[in-house]
Amino acid sequence: MSADDVARVFAIEDKVERLKAATEGVAAAQQTINELTRIRRAVIRELHADGWTFARIGAAAGLSRARIHQVSTQGPVPEGLFFGHGSLTVLAPEVRAGRLLGAPDPAAAERLAELLRQLGFAATVETFLPGRPVDLNRDGLVILGGPELSPSLRQLVVADPRLRRTVTRAGDTRRGIEDRAARRVYRPGGTEPHDIAYLARLPRPDRRGSIMVIDGLHPPGSLGAIRLLATRLATLHERASTHLFSVLIAVRYDRTTGEPIDADLLTPVYRHETDSRLATTRVRP
């Protein structure tokens with residue numbers, strides 16, 4: 001918030017409206033502080049990994065060695081940059097009754113939004129009507145659901161050069177994902193209840209940014225992907241950074257509750273190097 005913004009709030013005559021405006025300004029300022037703190041921690045980590053001492057980093061930043069060491073451990077974790085920056089919107093299908101092919105677990109959207117808030121993001125949940133086109137040319141989208149839910153999502157996942165949704169033969173509705181280069185198709189199965197989740201950062205249709213996609217082949221898969229994001233985010237960020245990528249996640253879950261028991265990487269994290277210039281989740285003008 002600039003000095004002009006503060007002056008504008010101060011000049012509001014109605015006390016209640018002034019209170020509302022001040023509260024909104026504090027929230028916006030705190031979000032900015034979170035974003036800058038995360039970026040600062042990430043840069044300090046990168047410089048230290050490059051061989052810089054805390055004393056040298058402090059001298060470059062105009063801070064003491066002790067202060068640099070202190071701020072390097074405070075605030076939102078650097079790996080949160082995996083989700084980009086700015087406000088995030090978790091986009092999930094509106095499911096009014098029964099199960100819908102490609103839909104995530106009903107608890108997934110709020111669970112993911114809460115994880116994002118814990119990472120220091122301003123995150124909201126928004127729903128879309130299945131079967132309808134969806135506006136994907138927006139900043140900060142994280143989509144929960146599969147390509148069966150919207151023609152817009154079908155168009156989005158086609159951009160993945162490595163992993164592709166597939167069926168075994170005409171009329172077979174079992175969901176699976178093919179690793180094209182490895183010539184292998186992954187499907188849920190085995191003696192224990194388990195699912196597969198697809199996690200990717202893909203280019204927006206307008207090519208002016210990217211979108212995060214989380215798609216469990218069945219509802220437990222979406223919860224398992226969120227569990228992996230909560231427990232292995234540093235690993236994902238190290239391997240994918242802000243590049244376009246895709247990966248499959250193996251999810252073992254409780255047969256009775258559908259809750260994930262364990263989630264781990266099923267494939268390598270495949271970077272889509274040819275489109276890395278589009279990888280930022282949020283594009284600034």
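1. Arginine 204 is buried, with a relative accessible area of 4% (buried means under 20%, exposed over 50%, partly exposed in between, with a 1.4 Å probe and protein chains only). Its side chain meets that of aspartate 206 in a salt bridge, 2.7 Å from N to O; the term stands for a side-chain nitrogen of Lys or Arg within 4 Å of a carboxyl oxygen of Asp or Glu. Aspartate 206 is partly exposed at 27%, and Asp139 joins Arg204 and Asp206 in a network of salt bridges.

2. A word on the basis: this is a predicted model, where local features need pLDDT of at least 70 and side-chain atom pairs count only at pLDDT 80 or more, while totals for chains, interfaces and linings use all residues. Residues are numbered from 1 along each chain as its sequence is written, and side-chain values use heavy atoms, with hydrogens and water left out.

3. Arginine 165 pairs with glutamate 148, the closest N and O atoms being 3.5 Å apart. Arginine 165 lies in strand 4 (residues 163-166) and glutamate 148 in the loop between strand 3 and helix 6, so the pair ties together parts 17 residues apart in sequence (helices, H or I of at least four residues, and strands, E of at least two, are DSSP runs numbered from the N terminus). Arginine 117 and glutamate 114 form a salt bridge at 3.6 Å; both lie in helix 5 (residues 108-118), three residues apart.

4. Do look at serine 150, in the loop between strand 3 (141-144) and helix 6 (151-157). Serine 150 is buried, at 0% relative accessibility. Beyond neighbours within four places in sequence, serine 150 is in contact (heavy atoms within 4.5 Å) with Phe128, Arg132, Pro133 and Val134. A polar atom of the serine 150 side chain lies 2.7 Å from the backbone oxygen of arginine 132.

5. The domain assignment, automatic or from a database, gives domain 1 (3-76) and domain 2 (81-276). Seven residues from domain 1 and seven from domain 2 make the contact. The domains bury about 580 Å² between them, 51% of it on carbon and sulfur atoms (the accessible area, 1.4 Å probe, that two parts lose on being put together, summed over both). Gln31, Glu35 and Arg38 supply 72% of the area that domain 1 buries against domain 2. Between domain 1 and domain 2 there are zero salt bridges.

Notes
Polar contact = N/O pair within 3.5 Å; in protein donor to acceptor, adjacent residues only side chain to side chain.
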